[in-house]
Amino acid sequence: MKKQIRLLLTIMLFLFSSMSNVRAYDLKGFADITYNKSTKNNLENKNGGFGLGQYDLYVSYPLDDRIDILGELVIESPGDGEFVVDLERLQIGYTFCDALKVRTGRIHNILGYWNTSYHHGAYLQTSAGRPSFLEFEDEGGILPVHTVGIWASGRINTNFTDIDYGVTVANGSQIRRDSLGANAALDPNSIGDNDRNKPVSFNFTLAPDSLPGFGIGLSGSNGHVQGFTFGILTEELSQTILGWHAFYTGKPVEILGEYFTIKNENRLIAATPSFTSKAYYVQAGYNVANLVTPYVRYEQVDVKSVAGVSPDPYFSALGSANSFRTIGGVRVDISSRSALKAEIRSLNVKNAEGKSQEYVAQWSFAF
Amino acid sequence: MNIKKILIAVSTLAFLKSYSYGVSPEIAVVVNENSAVSKLTVTEARDIYNGTKTFWGKVRIKPFDQHDNQPIRKEFLKRALKIDSKTYEMYWLKKVFQGEGIPPTVKKTSKDVLEAVAEDDGAVGYIWASEVSGSRGVKVVLTIKE
C-alpha cells in the first residue's frame, strides 16, 4: 500500500511539474490533527485518541486566459491503520464570460452551501467537522457530495443582487457494499456509470448588493440510485433532492442553515409508497476581535417511515436512522493559516447506537 | 484689521488644510493606456479584486495587488472592498479551493505595479495618487478618497 501511495504521488508530481511555469508554491493544501473521545461503544474513540485528518493537496492553475484546471488529492485512513489516496477532484474548465463557465471532471456536487464552500478544507469551516448528513460518501454521508460530469456555472449581475447559478449533468451514484455484503456506502461512479440515468442538479443563490456576505438559495437534484449486494440489484430508486440554504458570513456574526428533502420511490417493488425524508442544520457563530469564534450547531435527520412498510429504503440501505445532534464549540485563529477548535457534541440516534457524547479538539491549517 | 495678521491667518489655514490632505492620500486605480476602459466605479474595482468580474469584453482582466507590508494595501482593501487583509486572504483561499478564480498577482511596490500595468492591455493596479505623476504607459480610471 505504501509503495502504491509513493508511486501515485510520484506520478502526480511528475505530471504537474512537467507543465510549464508550475512552481512549488502553486501546490496548496489543508490538513488537520484531531483528538477525539467518545462515549460511543467503538474502539476508535472510546479511550480517546489522536488522529490524522485528511491531508488534502490541490493545484488550481490557469492554462491560459480562459482555461483552468484543478486537481485535488486526499490522503486519509479509512480507519484500518492503512492510508489511501483518493482523487477527490480533477476538472478542467473554460470561461466564456463571467456569466458562463463550463467545467468537466470530478467535482463537488453543487447541492446546498456547505459542500461547495468547505468540502475537504477543515481550516476553512468554523467547526471541526461537517454536519453528519453531509459527511463524505465513505464516511456515512447520505447525500452525493461528489459527482463526475459536466458543470455550467456563472454569476449574473443585476441592479439589486448578484445571482450565482450552477447546473450539472453527471453520473448518478450507486449504493455499493463490501465483499461481505455489508458497509453500504454511496459511490459517485467516478470511472463509469452503472446505468443510463444522468441526474441533473442545479443551484441558484441570490447575493443582494445591499447586504454583503448574505446569500439565500435553492438547489436540487433528480435521478436514479441503484444498490447492489454481491453483484445483485437490491435497490432501485427514483430520487429527488431539494434543498434550501441561507448564509450570512459578514463579521462578526456568521449564520448558516440548510434544509433538504430527499424523496425516494422504490422502482423495484411496484405500488410501494414514496418516502420523503428530511435533513437540516443551522449553525451560528460570533467572531471576537478576529481571533475567537464561539459557535453552536443543531442538526437533525428525519427518516420517513410508513406504517406497515419498511423505513425509507435509501436510508435503510445506508444504515441511517432518525437522529439529532447538538454541537457547541470555539475556534481560535492562532495565525492567518491555522486554527484551534474545541467541541462538545451530543448525539442521539434512534437505533442501537442511542445517545452519546463526543469531545473533540482539532488543529487545522492551510498551506 | 492688520493686513499682515490676515495674511498670517490665511497662510496658517492653508497649511493646516494641506497637512490634513497629506494624512489621507488618495488612491489611484490605473489601467494600461491602451485599455478600452476609461472609467471605473468603486463597485467595479471591488468586483475585479474579489474575482467576480474577470473580463472586459474579450480581454481578460489581470489585477495586480500590493504586498501586505505596504500601507496602501490595507487602505485599498478598506476603501474599495470594505474588508481587512486577513478576511481578504481567507476569501481568496476559499475561492481558489473552490476553483472559482485566480487571485490578483502580488507586487512588492507601487513602482512594480506601474511597470506591470504598462506591459499588459488587460492589467489594472492601484497606487497612491501622488505616485502617478511621471509614470508612462498607464492612465488613471478611478480615484478613491478616504
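Phe50(A) belongs to strand β2 of chain A, which covers residues 49-52. In this predicted model, Phe50(A) has a relative accessibility of 69% and therefore counts as exposed, the cut-off being over 50%. Together with Ile33(A), Leu52(A) and Phe83(A), Phe50(A) makes a nonpolar surface patch of about 430 Å².

Strand β15 of chain A, residues 275-286, shows an alternating pattern. Phe275(A), Ser277(A), Ala279(A), Tyr281(A), Gln283(A) and Gly285(A) point to one face and are buried.

Two strands pair with β15(A). Strand β14 of chain A (residues 253-266) is joined to β15(A) by 12 bridges in the antiparallel sense, and Glu258(A) stands opposite Tyr281(A) of β15(A). Strand β16 of chain A (residues 292-302) also runs antiparallel to β15(A), with 8 bridges between them; here Ala284(A) faces Val296(A) of β16(A) as its opposite residue. The hairpin of β15(A) and β16(A) has 5 residues between the strands, and Ala289(A) in this hairpin takes a positive phi near 55 degrees.

Phe133(A), Val29(B) and Phe76(B) are the residues with the most contacts inside the largest nonpolar core, which has 58 residues. Apart from that core lies another, of 11 residues, including Ala28(B), Phe64(B), Val117(B) and Val132(B).

How values were computed. Residues numbered from 1 in each chain as written. Chains lettered and ligands numbered in written order. Predicted model: local features only at pLDDT ≥ 70, side-chain atom pairs only at ≥ 80, totals over all residues. Heavy atoms only, no water. Buried < 20%, exposed > 50% of the residue type's maximum accessible area, 1.4 Å probe, protein only. Helix = DSSP H or I, 4+ residues; strand = E, 2+ residues; numbered from the N terminus. Pairing = 2+ DSSP bridges. Patch = residues over 30% accessible without salt bridge, like charges linked within 9 Å, V, L, I, M, F, W, Y side chains within 5 Å. Areas by Shrake-Rupley, 256 points an atom, 1.4 Å probe, with all protein chains shown as cover. Salt bridge = Lys/Arg side-chain N within 4 Å of Asp/Glu carboxyl O. Core = buried A, V, L, I, M, F, W, Y, C linked by side-chain atoms within 4.5 Å.
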